[in-house]
Each structure stands twice: as C-alpha cells, then as structure tokens.
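Please examine the sequence and the model shown below before reading on.

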Amino acid sequence: MISVSEALEHLFSLASPLNTEIVPLAQANGRVLAKSVTARRDQPPFAGSAMDGYAMVAEEVVPGAHFQVIGEAAAGHGFDGQLAAGQCIRIFTGAPVPSTATRVVIQEDVTRDGDCITLGDSIDKGFHIRPAGADFTDGQIFSAPRLLRPSDIALLAAMNIDEVPVTRRPVVAIMSTGDELVMPGESPGPDQIIASNSFGLQAMLRDLGAEARLLPIARDTRDSLETAFSLTDDADLVLTIGGASVGDHDLVGDVAADLGMERSFYKIAMRPGKPLMAGRLASGAMMMGLPGNSVSAMVCGHVFVTPVIRAMLGLGDAPAQEHTATLAAPAGANGPRQHYMRARVENGEITIFCDQDSSLLTVLSDSNALAVRPPSDGARDVGDTLSYLPI
Ligand SMILES: Nc1nc2c(c(=O)[nH]1)N[C@H]1C(S)=C(S)[C@@H](COP(=O)(O)OP(=O)(O)OC[C@H]3O[C@@H](n4cnc5c(N)ncnc54)[C@H](O)[C@@H]3O)O[C@H]1N2
Ligand code: MOO
C-alpha cells in the first residue's frame, strides 16, 4: 500500500490542465480564469465626486464663506465650463469633477439661496474626490489562474472585459456499480439499496466546476461494466464506485485492465478509502476506482478527486488544504493507516464522532470536518492541535 501523499503524486502525474475556452462574462462565475487579462480603461476614467454636494475651488473650508453656483454636474453629464475661485457647481455622486475644483463639500454642510451657497459652521473636511484610476488603470493585469467569484465578475465588467478565457470544465463520468443498487425514487427489492455515492460525488464535482454526468448503474458482470465503460469516451475522468475490493464480484479493476487501463496504483494506507485504484484508460481518460462504502467514496472525493479536478482546471497540484483546531475530547492512538475521521469543528475546537463505520452517511452529514490522524499517531489529549479538512 502506498501513502496518501504518494497516491496524490501519481494522480497529479495523470491529471493535466485542460485547454482554454472563451465564455461571455455573464457565464464566467465559478469558472477558472485561464489566461491573465488586462483592464481596458482607467477606473474611474475621470476624477469623480464621491458625494452629493458642491464642487469648488477652495484651499480651506471657512465657515460662512460664500460661493456662486455656476452650473451642475451629474453622473453621466459633466460640467463643460471653467471653475474659478469663489465659484462652485452643484455636483452629484459619480459625476466628473471639473479639473480646477479642489474639493466637494457635502450638501448637508451648505445652505443655498438661489445661486449662492454659504458654508455652515461645522464642515466635513474630506475632499470627496476620487482620483482618476484610483481603482485600476488601463493595462492593469488581472492574473490567472484564479477561480472567478462574483466580486471578480464585477471587476472584470468594470475593466470592460466582456469575454473571458477560462479553463474548459472537466467532463467526469460517474459509474455506480453493483447488483444491489437502484436509483433514488425507484422501488428497491428486499436486497437492494439506493445508489447514493454517485449523487454525492456529482454534487461535489459540480461545486468544483466540473461537468459531472451519471452513467447508468453497471451491474456486477463483465458485460454490464464493459457497456458502461463504452459510454465514457468523451470523459476526462471516469469515476467508478464500488467493486474495488477483493470479493468475487469486485470486477472493476479486472474489466478496466482488460479494456486497456494502465494502472498507476491500487490500495492506499488510509481509512476509509483503502481500495482506491487509479490509472489511464485506453480512451486517454483518467480513471479513479473509488471504494463502494458510502463514506469511503465521499472521503476519497475530498482527499483525491477534489485536488485532481483543481489540477485539471489549472489551479495547481496541491493536496486539499488542511486547517488546525484544538481537540475537545481525548482521541485514542491511530493504527497504521492515515485515518480521516468525521468530526465537527466549532469555535476552533474539534470533536471527533465516536462511530466511524464507513457506511454511516448520517455521521458524515453531521460533520463539517475530517480530522486527519497520521499513520501510527499516538493518543491525543484535550487541547492538542489536530489537522483537519473542512468539508
Ligand atoms: N476481505 C476483504 N474485504 C474487504 C476489504 C478487504 O481489504 N478485504 N476492504 C473493505 C473496504 S476497506 C472497503 S472500502 C470495501 C470496498 O468494497 P468495494 O469497493 O468492492 O465496494 P462494494 O463491495 O461494491 O460495496 C461496498 C458497500 O458499499 C455499497 N455501495 C456500493 N456502491 C454504492 C453506491 N453507488 N451508493 C451507495 N452505496 C454503495 C455496497 O452496497 C456495499 O454495502 O470493501 C471491504 N471489504
Ligand atoms: O477503506 Mo474502507 O474505505 O475503510 O471502508
């Protein structure tokens, strides 16, 4: 058995960044920017007013000083004339400030009588002028790679970038295997259960920005598995679930090998998730064969599938990021495999659930973390620092 970090190295050597496509800005949220882009203008493009008030030429604001109102500037409509000492214009937020104006006095600090304003006794000393290019300037680089979020979309729009180069979404084919499985909503026979892992993984993959589609459930026969594999030619990654262990009906590895899969590794010193396999199929797609136990499949999703998808998206080869918390209750010594234990982190303290059986989805659902216990980690006390993966 290889270690988790050795397995990740193998997986990263199988996963390479996908090519780039151009999408309209409105469809770029959640995508990965593949190439750096540059701002096509200054923002703001002119010195602009930050407040509603009066723009004037004044070194100091002196209570009781008078100014003559000679015009107006609003957002989208600047003032064409020249502004001299003793003069001001009515101005609104977002309007260009005349080049000679030195400050904007907010309207709350002014009394107006016809075309004359008088400054009040207590005046806000702010200049309230946003210089041209204060946010960004023409040609400023917005660097790739990065996962685009709503705030980035707003920035790209302001930069006048209407088409965005993003990494193509990885296409992932998810194949549940097993005679016992039926789809949610169907009526299972007495010996059957509902396929759940495929749906959990599909949700995880979609959150990561992959295009994840479910194949028909493959039965525990060579024919059925071969048929399911024949539907994966367009995939960048094929995820099989179940049939990965050593039982007589665990045929996934054998069938994949017969179809030309070059195996990279099988079995990892971890729990849950020990019987994970990976390799490259004859189609060129990467394959990961996940164990069937529900929690094992989802843990492999967090520990291995997520970093693989991020690598395919061009976000780099890095393991899932670990955080630390202090232990809320003592934890016994760990065995020889790296153990990912369902846990809850609250206010910086981590509590590990008692029952870690790898079939218990209720415990997984109650968890927001996987405590990471390295191989042969000794017993830990309350207050000890522990690493965890947020989930
Ligand atoms: N003699 C040994 N037996 C087992 C070993 C071992 O080393 N020696 N390893 C155990 C471990 S660890 C795991 S994990 C499982 C993995 O088994 P498989 O990958 O072959 O999975 P299956 O046997 O097909 O299924 C296990 C379990 O999970 C349920 N399952 C499968 N697919 C789904 C799905 N899509 N949705 C929900 N549940 C699913 C299945 O019904 C079984 O209950 O092997 C141990 N055995
Ligand atoms: O490794 Mo299995 O994944 O422990 O249940």
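Two residues are in contact if their C-beta atoms, placed from the backbone, lie within 7 Å. The model is predicted: local features need pLDDT of at least 70, side-chain atom pairs count only at pLDDT 80 or more, and totals for chains, interfaces and linings use all residues. Residues are numbered from 1 along each chain as its sequence is written, while chains are lettered from A and ligands numbered from 1 in the order in which they are written.

**The sheet**
- An open sheet of mixed pairing is formed by six strands in the order β18-β15-β19-β23-β22-β20; strands (E, at least two residues) and helices (H or I, at least four) are DSSP runs, numbered from the N terminus.
- β18 (211-214) and β20 (262-266) are the edge strands, each pairing on one side only, where pairing requires at least two DSSP bridges between two strands.
- β15 (residues 171-176) pairs with β18 in the parallel sense over four bridges, and Ile174 has Leu214 in β18 as its bridge partner.

**Helices on the sheet**
- α3 lies across β15, β18 and β19 (237-241) and runs at about 170° to β15; axes are lines fitted to C-alpha atoms, for helices over the stretch in contact, and angles run from 0 to 180 degrees between N-to-C directions.
- α6 packs on the sheet, touching β19 and β23 (286-290), and its direction makes about 160° with that of β23.

**Surroundings of ligand 1**
- Ligand 1 is surrounded by 26 residues, the closest being Gly242, Ala244, Ser245, Pro291 and Gly292; a residue is near a molecule if its C-beta atom, placed from the backbone, lies within 6 Å of it.
- At least two residues of this shell come from each of α3 (197-208) and α6 (294-312).
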